[in-house]
Amino acid sequence: MHDHDPHDHDHNHDHDDDHDHDHAHAPPQKDHDAGPVGAYEVLEEAVRSLLIEKGVLTAQEIANQVDLMDSRSPALGAKVVARAWVDPAFKKRLLKDTRAELAELDIDIGTLAEFRTVENTPKVHNVIVCTLCSCYPKMLLGVPPAWYKALAYRSRTVADPRGVLAEFGVELPKGVEVRVHDSTADLRYIVLPMRPKGTQGWSEKELAKIVTRDSMIGTAVPAAPKKPVPRKSNKAA
Amino acid sequence: MVKARPHAGRFAPGDRVRVSSRPVVGHCRTPWYLRGKTGVVAEIHGTFRNPEQLAYHKPGLPAQVLYKVQFRQDDLWGGYAGPASDHLEADIYEHWLEPLK
């Protein structure tokens with residue numbers, strides 16, 4: 001890619017418009033299935049074909065389930081958090097019985113796991129990890145980011161949570177307890193972050209927009225957007 | 001995961017417990033770094049089928065009471081750098097917990 005540094009924008013590489021464009025360019029992006037087929041892909045295809053052939057599942061049912069998972073995104077979690085910020089009675093019920101309150105919002109979390117909401121306060125900051133594998137509140141946040149499944153995040157978050165949080169840009173004073181939740185069993189956790197200052201009078205929808213995925217994992221803290229700083233123009237005078 | 005009937009657990013919130021350090025072969029959801037460590041029962045989650053059996057397509061019975069156990073970070077790691085008020089919580093099945101007086 002060309003580096004568009006405005007101070008060094010001399011475009012001196014030969015780029016005549018009339019030269020024959022027959023030299024080989026690397027494709028901009030490799031096809032994801034261009035390489036050799038891996039063992040897990042073979043296994044997945046074999047199991048899927050068998051399930052369909054034996055009448056256990058239909059191709060339609062598998063596609064529907066994939067669609068369901070793809071439809072989950074942090075926007076769902078953000079909706080829940082924003083509701084909790086504006087409705088104290090809802091928040092109270094959410095902290096007590098997350099599954100029931102999600103059902104009230106028409107969010108079905110399936111039968112796989114119990115859900116728990118852990119609340120950040122001025123005294124406690126929660127962060128979620130799964131050291132054993134990558135248990136994650138998928139039904140509210142969608143597919144986890146790659147770093148959540150990485151050995152580094154999983155092993156370091158339990159042993160040095162403050163160090164990991166600092167690397168995410170979250171520096172917590174010593175007076176705030178850091179509480180790490182290792183999702184070792186049947187429960188899934190989601191963090192209810194603190195509502196940022198400067199958001200008084202915001203609507204639920206506006207609030208939902210500032211609730212990030214990471215703030216519901218506990219590796220970030222939502223913030224009200226600052227006034228945009230005017231950018232320096234790159235145009236030559 | 002099927003949640004079975006409510007169960008009177010062996011431990012109550014506030015009880016001090018130690019995580020068993022017995023060896024295990026195969027699937028187990030009690031992390032190594034907690035084995036032999038001491039914590040306090042924070043909550044009873046209910047009764048769940050035993051994942052050490054479910055992993056091998058067995059019924060997972062008898063179901064186990066699952067507890068939220070809270071550990072002081074200071075008790076888990078030698079030389080933990082953060083303040084003494086930092087904690088870690090994990091969900092541990094009853095058959096992995098030993099009573100502490």
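This is a predicted model: local features need pLDDT of at least 70, side-chain atom pairs count only at pLDDT 80 or more; totals for chains, interfaces and linings use all residues.
User: Start with β4 of chain B. Is the strand covered or open, and how many of its residues are buried?

Analyst: Strand β4(B), residues 87-93, is mostly covered. Seven of its seven residues are buried.

User: Which side chains point which way from β4(B)?

Analyst: H87(B), E89(B), D91(B) and Y93(B) point one way. L88(B), A90(B) and I92(B) point the other way. Both sets are buried.

User: What does β4(B) pair with in chain A?

Analyst: Strand β3 of chain A, residues 177-182. The two strands pair in the parallel sense, over four bridges.

User: Which residue of chain A stands opposite E89(B)?

Analyst: H181(A) stands opposite E89(B). E89(B) is one of the buried residues of β4(B).

User: And in chain B, which strand is joined to β4(B), and is the pairing parallel or antiparallel?

Analyst: Strand β3 of chain B, residues 64-72, is joined to β4(B) by seven bridges. The two run antiparallel.

User: What stands opposite I92(B) there?

Analyst: Y67(B) does. I92(B) points the same way from β4(B) as L88(B) and A90(B).

User: Switching to backbone. Where is the cis peptide bond?

Analyst: Between L61(B) and P62(B), with omega at about 0°. Most peptide bonds are trans.

User: Which loop holds P62(B)?

Analyst: The loop between α1 (51-54) and β3 of chain B. H57(B) is found in the loop between α1 and β3 of chain B too.

User: What is phi of H57(B)?

Analyst: Near 65°, a positive value in a residue other than glycine. Most residues other than glycine have a negative phi.

User: Is H57(B) buried or exposed, and why?

Analyst: H57(B) counts as exposed because it has 7 C-beta neighbours inside 10 Å. The cut-off for exposed is 12 or fewer.

User: Now chain A. What is phi of D106(A), and where is that residue?

Analyst: Phi of D106(A) is near 65°, also positive in a residue other than glycine. D106(A) is found in the loop between α5 (98-104) and β1 (114-119) of chain A.

User: Buried or exposed for D106(A)?

Analyst: Exposed, because 6 other C-beta atoms lie within 10 Å of D106(A).

User: Last topic. What domains does the assignment give for chain A?

Analyst: Domain 1 covers 39-70 and domain 2 covers 74-217.

User: What distance separates the two domain centres?

Analyst: 31 Å, taken over C-alpha atoms.

Technical notes:
Residues are numbered from 1 along each chain as its sequence is written. Chains are lettered from A and ligands numbered from 1 in the order in which they are written. A residue is buried if 20 or more other C-beta atoms lie within 10 Å of its own, exposed if 12 or fewer, and partly exposed in between; C-beta atoms are placed from the backbone. Two strands pair if DSSP finds at least two bridges between them. Domain bounds come from an automatic or database domain assignment.
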